[in-house]
Amino acid sequence: MTLMTDHPHMTTEDFEAVARIAARERVGTRLEFIDGVIRSKAMPDGDHQMIIQWLTRICLQHRPELWLHAGQCIKAQEYRTGRAIPDGVLAPSQAFVGQGDWVEPEPILMAVEVTSWDSDTVRRDHVEKPRAYAETGIPVYLLIDRAKCEISVYSQPNGRRYESIHIVPYGMEIALPDPVGITLQTEVLKDWVR
């Protein structure tokens, strides 16, 4: 008997139906489908929201033609079979007009995740999400890790993983490489530490 471990638990279409029902039945329910497994994404707390707000302002100041779309559902992974809900995606402001619930990732310059306090945040944000975003071809992945008080910038996706990872503690300057082209001054992140 052969054990198949690389097949998803359900089809992408079935997942989308389940996610729609769950969102309709329970306010705040946000489901993702990565590596063929359904995961629940935690609702953001106040500090999490402030970090996204801070990043949105910086992006608007430096790249006014772009928008940090918060909570945009995207098609991810190889062959777009995964479904992810990054905390933010940097793309042209009109990039997703006319698309459905789960949008095509081509216009996305950067995916952003801010860690939450749930038990699987390390596996999800440090392992599964970087791989999924690299497979999708998203040029930059920004991870703001509130537990470690550090920022990670992943870049140069090769279709399987990111070739470059740069990590700094809160308070240090970090560059978001092209096509984003913004440098973050991260001292303010210390204000939102638990």
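## Close-up views of a predicted model

**View 1. The loop that holds glutamine 77.** Glutamine 77 lies in the loop between strand E4 (74–76) and strand E5 (82–84), where strands (E, at least two residues) and helices (H or I, at least four residues) are DSSP runs numbered from the N terminus. Although glutamine 77 is not a glycine, its phi is positive, at about 70°. With a relative accessibility of 7%, glutamine 77 counts as buried, a word that here means under 20% relative accessible area, with exposed meaning over 50% and partly exposed lying in between (1.4 Å probe, protein chains only). This is a predicted model, in which local features need pLDDT of at least 70 and side-chain atom pairs count only at pLDDT 80 or more, whereas totals for chains, interfaces and linings use all residues. Residues are numbered from 1 along each chain as its sequence is written, and side-chain values use heavy atoms, with hydrogens and water left out.

View 2. Cysteine 149 lies in the loop between strand E8 (140–145) and E9, and its phi is near 55°, a positive value in a residue other than glycine. Cysteine 149 is partly exposed, its relative accessible area being 23%.

**View 3. Valine 153 and the residues around it.** Valine 153 belongs to strand E9 (residues 150–157) and is buried, with a relative accessible area of 3%. Leaving aside residues up to four places away in sequence, valine 153 touches residues including Val140, Tyr141, Leu142, Ile165, Ile174 and Leu176, where contact means heavy atoms within 4.5 Å. Valine 180 stands 27 residues from valine 153 along the chain, and the C-alpha atoms of the two are separated by 11 Å.

**View 4. The cis peptide bond at proline 179.** The peptide bond that leads from aspartate 178 to proline 179 is cis, with omega near 15°. Proline 179 is found in the loop between strand E11 (173–176) and strand E12 (182–185).

View 5. Strand E1 (residues 31–34) and strand E2 (residues 37–40) run antiparallel and are joined by four bridges, two strands being taken as a pair if DSSP finds at least two bridges between them. Isoleucine 34 has valine 37 in E2 as its bridge partner. Two residues stand between the strands of this hairpin, and aspartate 35 in the turn has a positive phi of about 60°.
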